[in-house]
Amino acid sequence: MKTETRDKIRTFNRYYTKVLGVLNRQYLGSRFSLPETRIIQAIHHNPGCSANDIVKMLNMDKSYLSRVLKKFDRQHYIIRAVYADDHRREQLNLTETGTDAFHEIDATANRSVDEMCAGLDENQLSEMVDCMDRIRAILNREKDSVPEIEICNFTPEYTEDVIKLVLHFQNDGTRPHVTVDDQPDLLTIEDSYINSGGNFWIAREKGSGRLVGSIGLMPYTDGVALLKKFFVYEPYQGRPCHTGQRLYSQLLDFARQHNFKSILLDTPRNTTRAHKFYEKAGFRLIKETDLPLKYSHPYPDSDFFLLQL
């Protein structure tokens, strides 16, 4: 590497370290250090993960992680449980206190990004994000570390995992709290989706069997179906896994093979990223009054999309 190139990389590293505020004892003025925030975020985004999973995800020293987890134990941020198939491993999940801490960190980080990017227009923001994606793609050369994801039909033993996945996204603090009682189809996936002529797919890690995503097609009337429960845990979204796109492609192929003519879906109004995905996939935003049918949905303040096949 040329000396000039190395110096420019180091200069950028020093600049961005300052921008992120990682040299402060507490990250972004919160009560947590940067490593502590990363650990809380990792557990929130990967419920049921093990300490070894976090070591791999964050490239973190195992002994340091152990000390932080003990601290979180004392502060009642986490709860531990042994894996059913391996009593030597512990599952980690956030308690209600830990989840509150995550939302505090998340809100603080969002404000920090908003302040950092204040004054940039949409073109500048898009260019910046594209550059970030390119940097990550260039530096991410460890292809063997990419998890292998398989898409398969839902089976009842994944019911609790699907519920945990769905509620993880629905109750992220940005919209009214919902429960399983608000969406009873979660408890009757086989009858509500599969036995009625639709289907429900899950994405899982090959080998471990860990569920990482889901999507369902629920028939409603002849030729019309609802797209529901489309969620993918954050680390498996986009490149390199493309889990969401693969789940959606599976649903679309099934819908066409079974002669569905249109697909409807609803999303909360503040889910901008989901809206962009559906619009790119050919869905058209419509008013609730223009829906070809009426159906129940968990959020009264929703946007509705229609895809004609």
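Biologist: What percentage of the 309 residues of the protein count as buried? And where is the place of Thr155?

Modeller: A caution to start: this is a predicted model. Of its 309 residues, 41% count as buried.

Now Thr155. This residue sits in a loop. Strand E3 (149–153) lies on one side of that loop in the chain, and helix H7 (159–170) on the other. Thr155 counts as partly exposed, because its relative accessibility is 29%, and the band for that class runs between 20% and 50%.

Next, the setting. The protein has 10 helices and nine strands. Take the contacts with a separation of 6 or more: 61% of them join residues 24 or more positions apart.

Then the overall dimensions. The C-alpha atoms fill a box of roughly 65 × 50 × 35 Å along the principal axes. The radius of gyration is 21 Å. A compact globule of 309 residues would have a value near 19 Å, so the two agree.

Last, surface and charge. The accessible surface comes to about 18,600 Å². Carbon and sulfur atoms hold 50% of that area. Among the side chains, 41 are positive and 43 are negative. The centres of these two sets lie 8 Å apart.

Notes. Residues numbered from 1 in each chain as written. Predicted model: local features only at pLDDT ≥ 70, side-chain atom pairs only at ≥ 80, totals over all residues. Heavy atoms only, no water. Helix = DSSP H or I, 4+ residues; strand = E, 2+ residues; numbered from the N terminus. Buried < 20%, exposed > 50% of the residue type's maximum accessible area, 1.4 Å probe, protein only. Rg over C-alpha atoms; globule rule 2.2 N^0.38 Å. Contact = heavy atoms within 4.5 Å. Areas by Shrake-Rupley, 256 points an atom, 1.4 Å probe, with all protein chains shown as cover. Lys, Arg positive; Asp, Glu negative; His and termini not counted. Charge placed at Lys NZ, Arg CZ, Asp CG, Glu CD.
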